[in-house]
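Here's a quick tour for someone who likes to think in contacts and angles. Have a look at the model first, then read on.

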Amino acid sequence: MENFSLYENEILKSTVRSMVVKNRVVNSMLIYGEKGLGKKTAADYISAMLLCEKGNGVPCGECKSCRMILHKTHPDVIYAAPSGKSGNYKIDTIREIVESAPVMPNEGRYKIYIIADMDSTLVSAQNALLKLIEEPPDHCVIILTAQSRSSLIPTIISRVVSLSVHEVSKVTCEAALANYGYKAENIKNSVEILGGNIGRCKSYLEGEDIVDAVTITKSITDAVISGDEYLMLKEFSELTGTKQMTLTVLKLLCEVIRDTVSANAGCGEKNLISTYKKGAVRLSEYMSKAKARKIYFVITKYIERINLNGNLNLALNALCSEIKEIL
Ligand SMILES: [Zn+2]
């Protein structure tokens with residue numbers, strides 16, 4: 001039988017299940033966590049928890065509602081269309097959602113809006129959404145996803161129920177990947193390198209450059225820890241030539257730096273999310289929260305710049321010296 005592939009994550013499941021069972025479903029939720037952990041799968045899973053005809057908070061995978069959600073054809077589960085550019089959701093897309101929200105659902109009890117990957121959504125668009133989150137119609141459930149809670153404005157964060165997604169155990173990860181039909185030895189290898197992040201392991205098994213990117217990210221983090229500008233430049237120069245790889249590494253690096261901020265705030269290694277948690281913890285011993293934040297913003301600035309087709313070498317050199325200055 002076809003069913004939803006949200007593995008483990010029992011806290012998230014039991015939180016929402018108890019809302020359904022007690023008939024106390026909140027109108028807005030945020031699912032957050034690192035790329036590849038299944039935030040969008042979790043959003044679908046929650047939709048099915050709310051709309052499954054069995055109504056016991058466990059999606060059966062068999063009823064009409066569940067099947068429509070599995071096939072992404074449920075008329076009451078609406079996916080906001082991203083703009084495809086940085087800045088992500090256009091303000092008009094958000095306004096349409098806000099305007100259509102009062103219209104009653106077609107079939108189900110709830111009308112669910114899934115707005116995924118909100119990380120680079122502009123504050124103006126977020127503010128437009130705030131209106132709906134502040135005064136939602138009873139039948140409306142808004143599910144947001146983002147890698148980090150800090151990507152969203154505090155007024156949204158304070159009004160949503162935040163649910164985190166986590167890595168699964170290695171055993172579960174291997175079993176999940178086996179379901180997709182990958183070879184056992186390749187699976188073992190990917191889980192060894194990337195841990196229980198099913199999405200990242202899948203990217204790796206599909207031949208994407210994620211492992212190289214992870215390795216380079218680690219070297220760059222180590223260079224930042226050493227504070228040696230030349231070493232940093234050398235590691236960054238490994239990237240030159242390929243824009244895609246550069247962007248992947250810079251995004252991974254952003255996650256490490258975000259973990260550094262969390263580690264600095266007392267968050268243990270177990271609760272960090274990046275691909276180099278140890279590095280983040282070590283960095284946090286050298287670097288104040290304020291410095292880490294500055295570096296985070298500098299890197300995101302250069303991601304933007306490289307996205308806009310700036311010269312890759314120049315951008316990386318400039319990035320290096322800005323990081324050095326902050327250190
Ligand atoms: Zn069902």
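What follows is a walk through the domains, the sheet, the nonpolar cores and one alanine.

## Domains

First off, this is a predicted model. The chain splits into three pieces: domain 1 covers 10-164, domain 2 covers 168-208, and domain 3 covers 209-326. If you take centres over C-alpha atoms, domain 2 and domain 3 sit 25 Å apart.

Zooming in on one pair, strand 3 (residues 111-115) and strand 4 (residues 140-146) run in the parallel sense and share 5 bridges. In that pairing, Lys-111 has Cys-140 of strand 4 standing opposite.

Which residues touch the most other members of the largest nonpolar core? Out of its 44 residues, those are Cys-173, Cys-201, Ile-220, Met-232, Val-249, Leu-253 and Ile-257. Helix 12 (residues 243-264) supplies the largest share of this core, 9 residues. The core also takes at least three residues from each of domain 2 (168-208) and domain 3 (209-326).

Apart from that one lies another core, this time of 43 residues, including Tyr-113, Ile-156, Leu-163 and Val-165. Back in the largest core, Met-232 is one of the residues that touch the most other members. Leaving out residues up to four places away in sequence, Met-232 touches Ile-220, Ala-223, Val-224, Cys-320 and Ile-323. In soluble globular proteins, nonpolar side chains generally tend to be buried together.

## A closer look at Ala-315

Ala-315 belongs to helix 15 (residues 312-326). Is Ala-315 buried or exposed? Ala-315 counts as buried because it has 20 C-beta neighbours inside 10 Å, and the cut-off for buried is 20 or more.

Setting aside neighbours within four places in sequence, the contacts of Ala-315 are Tyr-302, Arg-305, Ile-306 and Gly-310. As for Ile-326, it lies 11 residues from Ala-315 in sequence, and the C-alpha to C-alpha separation is 17 Å.

Definitions and conventions. Residues are numbered from 1 along each chain as its sequence is written. This is a predicted model: local features need pLDDT of at least 70, side-chain atom pairs count only at pLDDT 80 or more; totals for chains, interfaces and linings use all residues. Two strands pair if DSSP finds at least two bridges between them. Helices (H or I, at least four residues) and strands (E, at least two) are DSSP runs, numbered from the N terminus. A nonpolar core is a set of buried Ala, Val, Leu, Ile, Met, Phe, Trp, Tyr and Cys residues joined through C-beta atoms within 7 Å. A residue is buried if 20 or more other C-beta atoms lie within 10 Å of its own, exposed if 12 or fewer, and partly exposed in between; C-beta atoms are placed from the backbone. Domain bounds come from an automatic or database domain assignment. Two residues are in contact if their C-beta atoms, placed from the backbone, lie within 7 Å.
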